[in-house]
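Biologist: I'm new to this one. Could you put it up and walk me through a few spots?

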Amino acid sequence: MRTRPAPAAPTRATTSATSAPAASESGGGRPVGVATMVGSGLSNQTGAAIGSLAFPVLGPVGVVAVRQYVAAVVLIAVGRPRLRSFTWPQWWPVLLLALVFGTMNLALYSAIERVGLGLAVTLEFLGPLTIALASSRRRVDVGCAVIAAAGVVTLMRPQPSTDYLGMGLGLLAAACWASYILLNRTVGRRVPGAQGAPAAAGVSALMFLPIGIAVVVRHPPTATAVACAIAAGVLSSAVPYLADLFTLRHVPPRAFGLFMSVNPVLAALVGMVGLGQGLGGPEWAAIGAVVAANALSIATSRS
């Protein structure tokens, strides 16, 4: 799940990082771990690109609904949460996590529809970057914040074709990802094992069930559109989540974080090659600034 985390992702890597064992100190598994990281990143962005092909039929809402269903099936099968044993102090952060998870993916896919894959993912990536920089008082992190801010200003500079709603949706996805990280910490403390994320994914899927039904009734989907949406769920949720669980057994967390920094570049490349979403020099420079800020902060951290 963004992880993501998934995607989320996400299903995202955040969930995997909090539940996976520490990486082995032996270097024998490093090449395999690096290969898995590359595959996970490409899978995540390729899934988002394929999912966008279903926008004309299902819209971002329909694609996200299907993605949530796929994520729930995979995460519940892996985590096997014992929901009946949850208490209210455990349930409330899980419910909030489910709400944030769904909003994050919906905002991201709506941003992808309006501003393209590369720019949407870059803006979303500001969420975890802000969390990392806000908890630090180092001068180098202040410099990283300035670099990232310069990138954002470049991306959002006024132009005749600037889509401010799309940019705003990307920033909303960033805020949700930051909230997702903080809530994951709370869930991790209160819910035993790796049950929290699967429970949240299941609740989020239930939230999107009436939305999915409404989309089907109003706009009967084609087989191709449904296949693209399912592919988005598998490639952007299931594959990255399982791959990250494996990767974190072989790659140190710092190296994992450094590679995660490259995801905006991967998104821009996939958008350019797969969707024809070309970017100009200033946009590439802005993406590079955000990536460099995160990579520099991680590379110079002491932990």
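Biologist: Which residues does Leu296 touch, not counting those up to four places away in sequence?

Modeller: This is a predicted model, where local features need pLDDT of at least 70, side-chain atom pairs count only at pLDDT 80 or more, and totals for chains, interfaces and linings use all residues. Residues are numbered from 1 along each chain as its sequence is written, and side-chain values use heavy atoms, leaving out hydrogens and water. Contact here means heavy atoms within 4.5 Å. On that basis, the partners of Leu296 are Val140 and Cys144.

Biologist: Is Leu296 buried, partly exposed or exposed?

Modeller: Buried means under 20% relative accessible area, exposed over 50%, and partly exposed in between (1.4 Å probe, protein chains only). Leu296 comes out at 35%, so it counts as partly exposed.

Biologist: Which helix holds Gln45?

Modeller: Helices (H or I, at least four residues) and strands (E, at least two) are DSSP runs, numbered from the N terminus. The chain has 13 helices and 2 strands. Gln45 falls within residues 30-52, and that's helix α2.

Biologist: How much of the chain counts as buried?

Modeller: The chain has 303 residues.
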